[in-house]
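Let's take a walk through this structure together. Have the sequence and the 3D view ready, and follow along as we go.

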Amino acid sequence: DSVTPETVAPALKAAEAKKKAPIKPELADLLKRMDEKSSIFVVGLVKGKFDELKLPGGGNLPVDLSSIQKLLPKTESMSLALKVGADVNVEVTLGMKDGDTAGDMRNALDELIKQVKPLAQLAAAAEPRAKPLGDILNSIKTNSKDKDVTITGKVTGANIGKMVKPDPDGQ
């Protein structure tokens, strides 16, 4: 389940009238946790939605996604909040089955970020627009608390400028 304009307006009206909102309580709980200062936010209940999802894998892929593949079916909710200002700040929260799987998912994401960093360095050497990827990857932080895994990151205005109009001399 996810929030759409068709579900938000009746839910807000119901909340104002102190009536039961016509959305699932779990979804309403996700909505309550969103920062109203976000430029954009998206929430969704995803329990069972990733049971059959197959991530790419095998010898040709330079990163190992097997741990994340095993944990995705244990993901029950997802939310994304985007704040756009001088910088772009992103926060993604994965609601996992329990605290143990939240810790495992945080560890798997940390490992994935560690595997991607050398690839970003190679990309930056080949393409000037990719130079900011290292800064962006270094800004990513993961945390787990109770059943939630939170991933935060930032793309600075300066790095957005470098991606749009790279310095041909690499400065």
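Start at A86, which sits in the loop between β2 (75-84) and β3 (88-96); strands here are DSSP runs of E, at least two residues, and helices are runs of H or I, at least four, numbered from the N terminus. This is a predicted model, where local features need pLDDT of at least 70 and side-chain atom pairs 80 or more, while totals for chains, interfaces and linings use all residues. Residues are numbered from 1 along each chain as its sequence is written, and side-chain values use heavy atoms, without hydrogens and water.

Leaving out residues up to four places away in sequence, A86 touches T156 and G157, and S79 touches M34, V42, V43, E91, V92 and T93; contact means heavy atoms within 4.5 Å.

Now for the sheet. Five strands form an open sheet in the order β1-β2-β3-β5-β4, with antiparallel pairing (two strands pair if DSSP finds at least two bridges between them). β1 (40-45) and β4 (141-145) are at the edges with a single partner strand each, so one side of each has no neighbour in the sheet. Further in, eight bridges join β3 to the antiparallel β5 (residues 148-155), and G95 has D148 as its bridge partner in β5.

Finally, helix α4 (residues 99-126) packs on the sheet, touching β2, β3, β4 and β5.

Notes
Axes are lines fitted to C-alpha atoms, for helices over the stretch in contact, and angles run from 0 to 180 degrees between N-to-C directions.
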